[in-house]
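This briefing is meant to be read alongside the sequence and the 3D structure. Please keep both in view while going through the points.

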Amino acid sequence: QVQLLESGGGLVQAGGSLRLACAASGFTFSNVRMNWFRQAPGKERVFVAATSWSGNTYYADSVKGRFTVSRDNSKNTAYLDMKTLKPEDTAVYYCAASEGSSFMADAMDYWGTGTLVTVSS
């Protein structure tokens, strides 16, 4: 049974940091790209960052230089380190696994249930 479980969300002041984790099970973790998306209230789900099976990383322009995506294949876990957080980073953050090359949300193979990040001003 495939499962992606996010953790690490919470309330933080602007300028603060959080680390999200995504624990995966039920599939071969090292074969997939791990992605992070976020969805703010009333908005669509958008790509944030991703790490390929080999460790290549990809970022949305809005988070470049502030967020760092990584993975530990020995622990079947992906991470999203978020620094210098802004109120506009407030959203539910989802991890997703993909075997394909597309970064579109509807191309993801598996999804977690999300973790809420709230950044206060």
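Predicted model: local features only at pLDDT ≥ 70, side-chain atom pairs only at ≥ 80, totals over all residues.

Residues are numbered from 1 along each chain as its sequence is written, and side-chain values use heavy atoms, with hydrogens and water left out.

**Disulfide**
- The structure holds 1 disulfide (a pair of cysteine sulfur atoms within 2.5 Å), formed by Cys22 and Cys95 with their sulfur atoms 2.0 Å apart.
- Cys22 lies in strand β3 (residues 18-25) and Cys95 in strand β9 (residues 91-98), so the pair ties together parts that are 73 residues apart in sequence; strands are DSSP runs (E, at least two residues), numbered from the N terminus.
- Cys22 is buried, with a relative accessible area of 0%, and Cys95 is buried with a relative accessible area of 0%, where buried means under 20% relative accessible area with a 1.4 Å probe, protein chains only.

**Nonpolar core**
- In the largest nonpolar core, which has 27 residues, Trp36, Leu80, Met82 and Tyr93 touch the most other members; such a core is a set of buried Ala, Val, Leu, Ile, Met, Phe, Trp, Tyr and Cys residues joined through side-chain atoms within 4.5 Å.
- The elements giving two or more residues to this core include β3, β8 and β9.

**Strand pairing**
- Strand β1 (residues 3-7) runs antiparallel to β3 and is joined to it by 5 bridges, with Leu5 opposite Ala23 in β3; strands pair if DSSP finds at least two bridges between them.
- Strand β3 is also joined to β8 by 6 bridges, again antiparallel, and Ala23 stands opposite Thr77 in β8.

Methods: Helix = DSSP H or I, 4+ residues; strand = E, 2+ residues; numbered from the N terminus. Buried < 20%, exposed > 50% of the residue type's maximum accessible area, 1.4 Å probe, protein only.
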